[in-house]
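Hello,

I am passing a structure on to you, and you will find it just below. My notes on it follow, and I hope they are handy when you open the model.

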Amino acid sequence: MRACSASAMFSRTDNSATLPSLAGDGGKASGTLSLRNPDGNAGIAAQFTVRGAAIAPFVWQTGGAPLATGTFDLTANVEASGRSANAVVSSLTGGGTIGLHDVALQSVNGDAVAPMPISEAIFDAHRLAREIDQPDPAVPLPYRRERIGL
């Protein structure tokens, strides 16, 4: 995503610095950042939102074209605090969401998804072999308790 135009506000006190609003590219990217240090306990809080960003610049190229095209929306927030850099990093918490829109994939590697159906087939066959003596072996039992004597 390229920011064609951007704006920011900044405020500072003895114990904190705040960017209460960040905006860019016609409102497609925005966020806030707060750094504070009361009594030697550093604190960081950040929130940002990206709307309608192109996927292509963030994915690798294959055959001279991006692997995926489309747009994405991203919202995230993080918070941390501590008396040292290690403590701040260790206390990082946060969350976020990502939404994909009008995504087109140039190619999919079938080998990447093949192991799952194979493992499911093996499990199903094993389950059927264990439950073949049940009244309806085509329907899996909700659970089967097995005791193994040693």
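**What turned up**

I98, L100, V103, L105 and V108 make a nonpolar surface patch of about 510 Å². L105 lies in strand β9, residues 93-105, and counts as exposed because its relative accessibility is 54%. The cut-offs are under 20% for buried, over 50% for exposed and partly exposed in between, with a 1.4 Å probe and protein chains only.

This is a predicted model, where local features need pLDDT of at least 70 and side-chain atom pairs 80 or more, while totals for chains, interfaces and linings use all residues. Residues are numbered from 1 along each chain as its sequence is written, and side-chain values use heavy atoms, without hydrogens and water.

As for the fold, the chain has 3 helices and 9 strands, in the order β-β-β-β-β-β-β-β-α-β-α-α. These are DSSP runs numbered from the N terminus: helices are H or I, at least four residues, and strands E, at least two.

Inside, the largest nonpolar core has 5 residues, V50, A53, I55, A68 and F72. Strands β5 (42-54) and β8 (68-82) each supply at least two residues of this core. Such a core joins buried Ala, Val, Leu, Ile, Met, Phe, Trp, Tyr and Cys through side-chain atoms within 4.5 Å. Of the chain's 150 residues, 15% count as buried.

Best wishes

Key: Patch = residues over 30% accessible without salt bridge, like charges linked within 9 Å, V, L, I, M, F, W, Y side chains within 5 Å. Areas by Shrake-Rupley, 256 points an atom, 1.4 Å probe, with all protein chains shown as cover. Salt bridge = Lys/Arg side-chain N within 4 Å of Asp/Glu carboxyl O.
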